[in-house]
Amino acid sequence: MSEQNQQISCEASTVSGEAGSSLPSDHPTPRLYNTLTGRVEDLVPSDGKALRMYACGPTVYDYGHIGNFRTFLQVDVLRRFLRLRGTEVRHVMNVTDVDDKIIRNASAAGTAIADYTRKYEQAFFEDLDALQVEHPEVVARATEHIPAMISLIQRLAAQDIAYRAEDGSWYFRIARFPEYGKLSKKDFEGINDGARIDLDEYEKDSARDFALWKAPKAGEHKWDTDLGPGRPGWHIECSAMAMQYLGDSFDLHAGGEDLMFPHHENEIAQSESASHRTFARHWFHVRFLLVENRKMSKSEGNFYTLRDLLLRGYKPSAIRMLLISVPYRQQLNFTFDGLAAETVAVERLRNFRDRVVSTQWPERSAEANGAASGVAETAREAKSRFLAALADDLNTAEARAAIFEMVRFVNARADAGQFFANDTVEVMDALDTFDRVFAVLDDHDEQWTRFTLQWAEREGRLDEAAPEVRAGLELTDEQIQALIDERTRSKRARNFTRADQIRNELAAKGIVVEDSKDGVRWKRK
RNA sequence: GCACCGGUGGCGAAGCGGCUAACGCGCUGGUCUGCAAAACCAGUAUUCGCGGGUUCAAUUCCCGCCCGGUGCUCCA
């Protein structure tokens, strides 16, 4: 019924895509698990035009860690997949640039909070770039949306759902929102919270009531507003900005699993109490990752920022590949062995693309015309399997498997002399489709490693960089090429001792040399 | 304690009622190569945490147990 209507409206918006070869059957409707309903459901723009989504962004008080980035990466997979299908995306992300931690850290550093947060906000977007994460259409800073938050609180106050406590803070009256708990599936009916917490201390009517607006403590940064001086609560920030940019009701809200309660539950309570409409129809939660089988934490000593990993010599592409490859609803066990494995896996795909693009493939002869080598068919099949897997609740593991199977098959055909010039189109189409979501084939790794080293130098943290990383970037491309040319001359002169010496020298600096019929290739490991 | 999720080869990880249990990495042997690398071929889990049950048939469904993780406390 409604499902069918959605399908139709969705296809109408798909047609605008450029790829004429893409049949509708190649583009099954994306289905995604919805935390709110507990079911896998179709995900289509409710207005038939753009998918409106809100994703909780970073609190910019420090550098982002790999757990943060798993969430942003999975949201990136979602938006890239939607765009690949031709669905327009309107993606809003907040930047929380005021909260307790920021206020504390800024005052400890003796700087204004804006100066303190600017650095980390910039670093956050640099990290996203390193990981090839597309930027949202709208990035909204909390501190620039105070009036929207005030007016939302006022809407709630007008209904007596928001109330002012004695100290000037404003709270949300949970008793007025009977559906409270519907997202996290918690039942608050039987809870007698007064028995557990000393209410006077909180100046709240009920212990569960949460802060919308916090009265300032002495000397703290504050905004003077119609509600009185203070600063916004965390939850109201997302409600206000989501509603400002996406309307009272929109398609999807995303975030890490820990945000489900209380943050997202509170967002729902605030927003739906104010608007009397469904806030977000679909809720997308990304599970936590483990590091070496333990929860990542500073006390465990397994806490890694993206920059930590880059300084150790791991490539952004491998990190992206690893964090993306395990479907978002599964806990992912991040290990250094796994990261090394993904480095090789990315390498395999890049080698394959190079081979397809740079080889002079024979034209299919007239007599061979009838006998299909199966390459084009396999590529087409791989592409549709890839798309189907992603449409099935973003099964990235299955999706990449389809591409790897194609790679092995095509490599084998090519070795057997059964790959022809006109097969390239289909194979590259499958590969490009893969990469529009996975985004690991273009090599930006060296660029970001270099960038991170420069950053470390500025921050006085160069000693954290692995020696091989620094050594690998010592040689310029020109110097490397000169050595390779010398090696080639030595080889021609059958001076293999010198040739191998050069190869070993380069290898020590992380540069790998490969010979093939089509010439010498080199790359940074 | 209550709630939820997961335990599949050396590692990571799909599959979730019946196909030889994907895929990546690793390892072993081979082809190619001056040697490597890349690529390919062959091999690498008679078995899916443990014990019951349902079924003609279970890794896939149900029950119990063990182990790991998460939430309940402004950490993605």
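**View 1. Ala 55 stands opposite Ala 254 of strand S11 in this predicted model.** The two strands here are S3 (residues 50–55) and S11 (residues 250–256), which run parallel and are joined by three bridges. Strands and helices are DSSP runs numbered from the N terminus, with at least two residues (E) for a strand and at least four (H or I) for a helix. Two strands count as paired if DSSP finds at least two bridges between them. Strands of a sheet pair through backbone hydrogen bonds, either parallel or antiparallel.

A note on reading these views: residues are numbered from 1 along each chain as its sequence is written, while chains are lettered from A and ligands numbered from 1 in the order in which they are written. Since this is a predicted model, local features need pLDDT of at least 70 and side-chain atom pairs count only at pLDDT 80 or more, whereas totals for chains, interfaces and linings use all residues.

**View 2. Strand S8 (residues 210–214) is mostly covered.** Five of its five residues are buried, a label given when 20 or more other C-beta atoms lie within 10 Å of a residue's own; 12 or fewer makes a residue exposed, and in between it is partly exposed, with C-beta atoms placed from the backbone. S8 runs antiparallel to S7 (residues 170–172), with three bridges between them, and also pairs in the antiparallel sense with S10 (residues 228–232) over two bridges. Look for Trp 213: it is the bridge partner of Trp 170, and its own partner in S10 is Pro 232.

**View 3. Tyr 163 sits in strand S6 (residues 162–164).** Tyr 163 is partly exposed because 17 other C-beta atoms lie within 10 Å. Setting aside neighbours within four places in sequence, its contacts are Trp 170, Tyr 171, Arg 173 and Asp 205; a contact means C-beta atoms, placed from the backbone, within 7 Å. For a sense of scale, Asp 485 is 76 Å from Tyr 163, C-alpha to C-alpha, and 322 residues apart in sequence.

**View 4. Strands S14, S13 and S15 form an open sheet with mixed pairing, in the order S14-S13-S15.** S14 (294–295) and S15 (332–334) are the edge strands, each pairing on one side only. S13 (residues 289–291) and S14 run antiparallel and are joined by two bridges; here Val 291 stands opposite Arg 294.

**View 5. Helices H17 (residues 477–492) and H18 (residues 496–508) pack with their axes 7 Å apart.** The angle is about 155 degrees, so H17 is roughly antiparallel to H18. H17 meets H18 through Ile 480, Leu 483, Glu 486, Arg 487, Ser 490 and Lys 491, which face Phe 496, Arg 498, Ala 499, Ile 502, Arg 503 and Leu 506.

**View 6. The whole of chain A, for orientation, has 18 helices and 17 strands.** Its C-alpha atoms fill a box of roughly 90 × 60 × 35 Å along the principal axes. Of the 525 residues in chain A, 38% are buried.

Key:
Axes fitted to C-alpha atoms, helices over the stretch in contact; angles between N-to-C directions. Parallel < 35°, antiparallel > 145°, perpendicular 65-115°, else oblique. Contact = placed C-beta atoms within 7 Å.
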